[in-house]
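Colleague: I'm new to this structure and would like to learn how to read it. Could you take me through its features one by one?

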Amino acid sequence: RRRLDNRNGPTGLLGEIQTLINTEPMDSMYEITGELGRGKFAVVKRCMEKATGKMFAAKFLRKRRQGRDCRAEVVHEMAVLEATRNNPRVVNLQAAYETDHDIILLLEYAAGGEIFDYCDCDELLPEGQITRLIRQMLEGVHLLHQTSVVHLDLKPQNILLTSLAPLGDIKIVDFGLARKLGTVGELREILGTPEYVGDDKQETYLNVSQVNVDYSQEAFSRVSELAVDFIRKLLVKTPEDRSSAADCMTHPWLWHQYPITEPITPRTPRERSSGNKWAAPPEDPEDKEN
Ligand code: ADP
Ligand code: MG
């Protein structure tokens with residue numbers, strides 16, 4: 001069990017940031033061009049830097065939540081992003097603004113949207129692309145852990161793609177629950193997302209906490225044997241017995257050579273209830289790549 005960095009006080013939140021928080025309005029520099037996502041306390045909007053035409057994602061984080069001042073949580077999220085600046089699989093923090101209500105983080109824009117959209121749709125990515133993205137994830141997580149940062153909310157909604165067609169690289173976002181581990185203190189909070197850590201729904205909770213996984217032929221009919229073996233090695237309850245990101249990297253599934261037969265079909269991100277999150281890339285049939 002790793003311990004929390006106690007230098008950050010009893011909350012485990014980092015308090016020191018290098019990034020200057022601008023108090024002048026951001027619309028003198030950036031033009032908002034759409035909405036990318038929405039969480040409980042944050043709205044993420046796509047915006048364009050007027051001087052360069054470059055796109056960014058602006059994450060508007062509410063400072064007051066449930067009647068409580070949460071500025072420290074936002075500053076912590078910024079500090080974690082600064083600590084992971086050298087990690088190519090994490091979005092970069094470019095600038096920050098502050099209004100009466102929000103702190104706004106100007107983040108590197110990941111134009112391909114969430115990996116989530118590939119997890120519950122009928123179109124499957126070629127297996128060779130899936131293993132390429134998983135290798136990038138493992139690289140990103142390994143680098144985080146090397147700098148003693150634990151994300152604690154890794155899920156398909158927080159793993160984005162730099163582009164869709166051709167399929168780009170992964171970028172990890174959302175360090176709201178992330179913590180820095182150190183030498184003193186212990187991380188004992190229950191953090192995460194219900195479907196992934198268990199919630200008050202008895203069955204979900206039991207399935208997650210007891211690691212009830214249906215590995216039947218039927219459930220995994222579209223998944224290769226090597227991939228199932230990889231999944232089995234990840235879903236191990238006792239942390240000490242579970243493979244580290246670096247261990248996972250050596251699994252033969254990730255290094256299997258797939259023939260370049262199926263080209264990727266450029267796809268349009270699924271429209272979601274909260275509206276169109278990002279403009280679809282131009283659909284050029286010549287633009288297929290494995
Ligand atoms: P929350 O803490 O509310 O979950 P996130 O940081 O996860 O906030 O952002 C919410 C959603 O906004 C993400 O799931 C993603 O769809 C979108 N998003 C966040 N950051 C970016 C980014 N840098 N580029 C493109 N989309 C983003
Ligand atoms: Mg999120």
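Modeller: Let's start at the ligand. A polar contact is a pair of N or O atoms within 3.5 Å; within protein, one must be able to donate a hydrogen and the other to accept it, and residues adjacent in sequence count only if both atoms are side-chain atoms. Here a polar side-chain atom of Glu114 lies 2.5 Å from an oxygen atom of ligand 1. The backbone takes part as well: an N or O backbone atom of Glu108 is 2.8 Å from a nitrogen atom of ligand 1, and one of Gly39 is 3.5 Å from an oxygen atom of the ligand.

Colleague: How much of ligand 1 does the protein bury?

Modeller: Alone, ligand 1 exposes 540 Å², and 90% of that is buried by the protein. Such areas come from the Shrake-Rupley method with a 1.4 Å probe; for residues, only the protein chains shown count as cover. Before we go on, this is a predicted model: local features need pLDDT of at least 70, side-chain atom pairs count only at pLDDT 80 or more, and totals for chains, interfaces and linings use all residues. Residues are numbered from 1 along each chain as its sequence is written, chains are lettered from A and ligands numbered from 1 in the order in which they are written, and side-chain values use heavy atoms, with hydrogens and water left out.

Colleague: Which residues around ligand 1 are the closest?

Modeller: A residue is near a molecule or strand if one of its heavy atoms lies within 4 Å of it. Of the 17 residues around ligand 1, the closest are Lys59, Glu108, Glu114, Gln157 and Asp174. The shell has nine nonpolar, four polar and four charged residues. In that count Ala, Val, Leu, Ile, Met, Phe, Trp, Tyr, Cys and Pro are nonpolar, Asp, Glu, Lys and Arg charged, and the others, Gly among them, polar.

Colleague: Where does Asp174 lie, and what is its phi?

Modeller: Most residues other than glycine have a negative phi, and most peptide bonds are trans. Asp174 has a positive phi, near 65°, and sits in the loop between β13 and β14 (179-182). Strands (E, at least two residues) and helices (H or I, at least four) are DSSP runs, numbered from the N terminus. Val211 also has a positive phi, near 50°, in the loop between α5 (202-209) and α6. As for the peptide bond, the one joining Ala165 and Pro166 is cis, with omega about 0°.

Colleague: Is Asn158 buried or exposed?

Modeller: Buried means under 20% relative accessible area, exposed over 50%, partly exposed in between (1.4 Å probe, protein chains only). Asn158 has 6% relative accessibility, so it counts as buried. A polar atom of its side chain is 2.9 Å from the backbone oxygen of Asp153. Contact means heavy atoms within 4.5 Å; beyond neighbours within four places in sequence, Asn158 touches residues including His151, Lys171 and Asp174. Asp174, by comparison, is partly exposed at 25%.

Colleague: Which residues of helix α6 are buried?

Modeller: An α-helix has 3.6 residues a turn, so residues three or four places apart point the same way. In α6 (residues 225-234), Ala227, Val228 and Phe230 are buried. Their directions from the helix axis to the C-beta atoms fall within an arc of 155°, so these residues line one face of α6. Among the elements covering them are α3 (127-146), α7 (245-248) and α8 (252-255).
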